[in-house]
Amino acid sequence: MPTMAAVADIHCHEHMRGQLAESFRDVNRRAGVLILAGDLTASGQLSEARELLRELRPVTIPIVAVLGNHDYEHHQQDQIHDFLRANGIHVLDGEGVELDIHGERIGFAHLDQQLVEVRARLDVLVKQRHWV
C-alpha cells in the first residue's frame, strides 16, 4: 500500500508566504498522496486559500482535502472549495474519490456529520426492530 502523508490545522494566511513550501516539497519523495485534514485556512477567506495553493506548488502527488470549521468562518467555503478543486485538489464534501496511486486504487471518503447521525439513528432502529 502506498504511503500517505497527512497534515491538519494548517491555518494558512497571507503572512506565511514561503514558510510551508519547503516542507511540502519533501512530501513528493516520501508519500504517494497528501491528505489535508481540515482548517486549511486561518479564518476562511479565499485569499488564504490562494496563499495555501502557493505553498502547495511544490507538491506533485495527488492531494485530498476536507474543509474544517476555520474554513467556514467568513462564509467563503464554497469559493474556497471551488478554487481548490479548480486547481487540482480533490476536495471532499460528503462524497468520496478513488485514486490510482503507484498502481493501486485507493479510496478516500468524507462523511458529513448529518450523514453520520442519520446512520447512527438507523442502527438504533434496526437493533430495536422499529421498522415502519
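**Helix packing, sheet edges and buried loops**

Me: Is the crossing of H2 and H3 left-handed or right-handed?

Reply: In this predicted model, the crossing of H2 and H3 is right-handed. The contact is made by Leu-46, Ala-49, Arg-50 and Leu-53 on the H2 side, and by Gln-79, Ile-80, Phe-83 and Leu-84 on the H3 side.

Me: Why are H2 and H3 called roughly parallel?

Reply: Helix H3 (residues 77-86) packs against H2 at an angle of about 25°. Angles under 35 degrees count as roughly parallel, and therefore H2 and H3 are described that way. Their axes are 9 Å apart.

Me: Which residues of H3 are buried, and what covers them?

Reply: Gln-77, Ile-80, His-81, Phe-83 and Leu-84 are buried in H3. The cover over these residues includes H2 and E4. After H3 comes Gly-88, which has a positive phi near 90°.

Me: What makes His-81 count as buried or exposed?

Reply: The relative accessibility of His-81 is 13%. Buried means under 20%, so His-81 counts as buried. His-81, in helix H3, touches Leu-67, Val-91 and Asp-93, leaving aside residues up to four places away in sequence. Asp-71 is ten residues from His-81 in sequence, and the two are 9.3 Å apart in space, C-alpha to C-alpha.

Me: How do you know that the buried residues of H1 line one face of the helix?

Reply: Ala-21, Phe-24 and Val-27 are the residues concerned, in helix H1 (residues 21-30). Seen down the axis of H1, the buried residues fall within an arc of 100°, so they line one face. An α-helix has 3.6 residues a turn, so residues three or four places apart point the same way. On the other side of H1, Glu-22, Ser-23, Arg-29 and Arg-30 are exposed.

Me: What covers the buried residues of H1?

Reply: The cover includes strand E1 (4-7), strand E2 (33-37) and helix H2 (46-56).

Me: Why do E1 and E4 count as edges of the sheet?

Reply: The open sheet has four strands in the order E1-E2-E3-E4, paired in parallel. E1 and strand E4 (90-91) each have a single partner strand, so one side of each is left without a neighbour in the sheet.

Me: What makes E3 and E4 a pair of strands?

Reply: Pairing requires at least two bridges, and strand E3 (residues 63-66) has two bridges with E4, in the parallel sense. Ala-65 stands opposite Val-91 in E4.

Me: How do you know whether Ser-43 is buried or exposed?

Reply: Ser-43 lies in the loop between E2 and H2. With 13% relative accessibility, Ser-43 is under the 20% cut-off and so counts as buried. Ser-43 touches Glu-48, His-70, Glu-73 and His-74, again leaving aside residues up to four places away in sequence.

Notes: Residues are numbered from 1 along each chain as its sequence is written. This is a predicted model: local features need pLDDT of at least 70, side-chain atom pairs count only at pLDDT 80 or more; totals for chains, interfaces and linings use all residues. Side-chain values use heavy atoms; hydrogens and water are left out. Buried means under 20% relative accessible area, exposed over 50%, partly exposed in between (1.4 Å probe, protein chains only). The arc is that of the directions from the helix axis to the C-beta atoms. Contact means heavy atoms within 4.5 Å. Axes are lines fitted to C-alpha atoms, for helices over the stretch in contact, and angles run from 0 to 180 degrees between N-to-C directions. Angles under 35 degrees count as roughly parallel, over 145 as roughly antiparallel, 65 to 115 as roughly perpendicular and the rest as oblique. A crossing is left-handed if the near helix is turned anticlockwise from the far one by less than a right angle, and right-handed if clockwise.
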